[in-house]
Amino acid sequence: MLAEIKGLNEECGVFGVWGHPDSAQLTYYGLHSLQHRGQEGTGIVVSNGEKLRVVKGEGLVSEIFTAKVMEELKGTSAIGHVRYATAGGGGYENVQPLLFHSQTGSLALAHNGNLVNANSLKHQLETQGSIFQTSSDTEVLAHLIRRSGFSQLKDQVKNALSMLKGAYAYLILTENELMVALDPHGLRPLSLGCLGDAYVVASETCAFDVVGAEYIRDIRPGELLIINEEGITSEQFAFNSTKSICTMEYVYFSRPDSNIQGINVHTARKNMGKRLAVEAPIEADVVTGVPDSSISAAIGYAEAAGIPYEMGLIKNKYVGRTFIQPTQSLREQGVKMKLSAVRGVVEGKRVVMVDDSIVRGTTSRRIVNLLKEAGATEVHVVISSPPIKNPCFYGIDTSSKEELIASDKSVEEIRQLIGADSLTFLSKEGMVGAIMKTEGTNGFCLGCFTGDYPTEIYPDTLQYYYQK
């Protein structure tokens, strides 16, 4: 699905290496493979065993890390980050990893997710004398670590993590060790791999394939991994939480060649399309998917329905993220800069258009218009997820509740607004069943669909999302 203004955007991706002479270069390639998770900023911190060095900036991985910059990043361990700004907003100071220095050593943090109690923790820390250098919720962890009364860093980190609420996949790098932590509900994906004697950690397994690493396992909810010269050890800082991986990782965010919790993303999306064909049988001539994340579901729908899959929509991959804003008259046609309908495929045809989600409805309406302008006689829209009715508090920018079209409109009202001949959303049971091949919903966060969240949501966070 094309990202709508204030639509679906993932906060970030993280990548780390321990024990490899080319750690910075491996991190560069790992971040490049995770670029879809954030395009606003990127950074790498590298350690040579004696000191940490950071290079970061606002822009894409290839823009910030030139050949000259990479030549100067030397060390055997590194962590990296790609960012889409949600909590804390943009700006250079919020680009990660964040690097902190103290008399006892340096510490770098890279974070994927969002803390729902960040504001209350910041207020508490500021009353105790902390001064924050960024508006990012990530910085909270550094202050909590340094204010811990424990003598060993491992215990400081465990104590600090136990105070956090929300979604977080953390990479913590010091001069002599790499720590990896996942929140007690496992809301964000995070995996461990190896490359020879080196260890690699990434938000998605597609990054392992790029650098030639072998997947070992997923990080467990509430787990803290400690990697150093003595090897790798595992500690639990939280127990007995219900596992709640974000379903939108399967629906939209992750790359099709990634595996999350042992489930291939392309296969899950294809199964969603097949379930859609059962739940929404339509008499049509062609099936097409909205590039890129809906292609797998469209293929699955076409196979199950016995309708030819065609490339009815083409994405222009060369529209930059810094494209100059057009005039108002052109803005309404702006989707044409990113997407084109193939007239030779859709003209005179009844088209099933498969998409992964509808946020505000603006982009869906424009794509339906594109297809009809190209001669489609009917456009039937099928969505491979349920209606998004509630904000996400865990690091996905799904707008405020009032901007979510499904929060106060029926399916029929949405259909009329986007101009489709029919509109069907995949059921919650169908979506989860397509991922797990079972009908139960245990193990998934469905908050944006159902309003039932796996963690407590603090009042100041609710006010921000429901009234902004």
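This briefing covers strand pairing, helix packing and some backbone details of one structure. The model is predicted. Strand β8, residues 178-182, is mostly covered, with five of its five residues buried. Elsewhere, four strands form an open sheet with parallel pairing, and helices α10 and α13 lie across strands of that sheet. Helices α4 and α5 cross at roughly 45 degrees.

**Strand β8 and its partners**

- Both faces of β8 are covered. L178, V180 and L182 are buried on one side, and M179 and A181 are buried on the other.
- Strand β7, residues 166-173, runs antiparallel to β8, and five bridges join the two.
- Four residues lie between β7 and β8, which form a hairpin.
- Y170 has A181 in β8 as its bridge partner; A181 is also one of the buried residues of that strand.
- β8 also pairs with strand β12, residues 223-228, in the antiparallel sense over four bridges.
- M179 has I226 in β12 as its bridge partner.

**The parallel sheet**

- Strands of a sheet pair through backbone hydrogen bonds, either parallel or antiparallel.
- In the open sheet the pairing is parallel, and the strand order is β17-β20-β21-β22.
- The edge strands are β17 (286-289) and β22 (422-425), each of which pairs on one side only.
- On average, neighbouring strands of this sheet are turned by 20 degrees against each other, direction ignored.
- Six bridges link β20, residues 350-355, to β21, residues 378-383, in the parallel sense.
- D355 has I383 in β21 as its bridge partner.

**Helices across the sheet**

- Helix α10, residues 295-305, lies across β17, β20 and β21. Its direction is at about 160 degrees to β17.
- Helix α13, residues 362-373, lies across β20 and β21. Its direction is at about 155 degrees to β20.

**Packing of α4 and α5**

- Two packed helices are described by the angle between their axes and the distance between the axes.
- The axes of α4 (residues 118-127) and α5 (residues 139-146) come within 10 Å and cross at roughly 45 degrees. The two helices are therefore oblique to each other.
- The crossing of α4 past α5 is left-handed.
- On the α4 side, A118, L121, K122 and L125 take part in the contact, and they meet V140, H143 and L144 of α5.
- The residues of this contact divide into five nonpolar, one polar and one charged.

**Backbone details in loops**

- Most residues other than glycine have a negative phi, and most peptide bonds are trans.
- The peptide bond from Q96 to P97 is cis, with omega near 0 degrees. P97 lies in the loop between β4 (77-83) and β5 (98-102).
- P291 and D292 are also joined by a cis peptide bond, with omega about -5 degrees. D292 is found in the loop between β17 and α10.
- Q261 is a residue other than glycine with a positive phi, near 55 degrees. The loop that holds Q261 runs between β15 (259-260) and β16 (263-264).
- The relative accessible area of Q261 is 26%, so this residue counts as partly exposed.

Methods
Residues numbered from 1 in each chain as written. Predicted model: local features only at pLDDT ≥ 70, side-chain atom pairs only at ≥ 80, totals over all residues. Heavy atoms only, no water. Buried < 20%, exposed > 50% of the residue type's maximum accessible area, 1.4 Å probe, protein only. Pairing = 2+ DSSP bridges. Axes fitted to C-alpha atoms, helices over the stretch in contact; angles between N-to-C directions. Contact = heavy atoms within 4.5 Å. Parallel < 35°, antiparallel > 145°, perpendicular 65-115°, else oblique. Left-handed = near helix turned anticlockwise from the far one by under 90°. Nonpolar A, V, L, I, M, F, W, Y, C, P; charged D, E, K, R; others polar.
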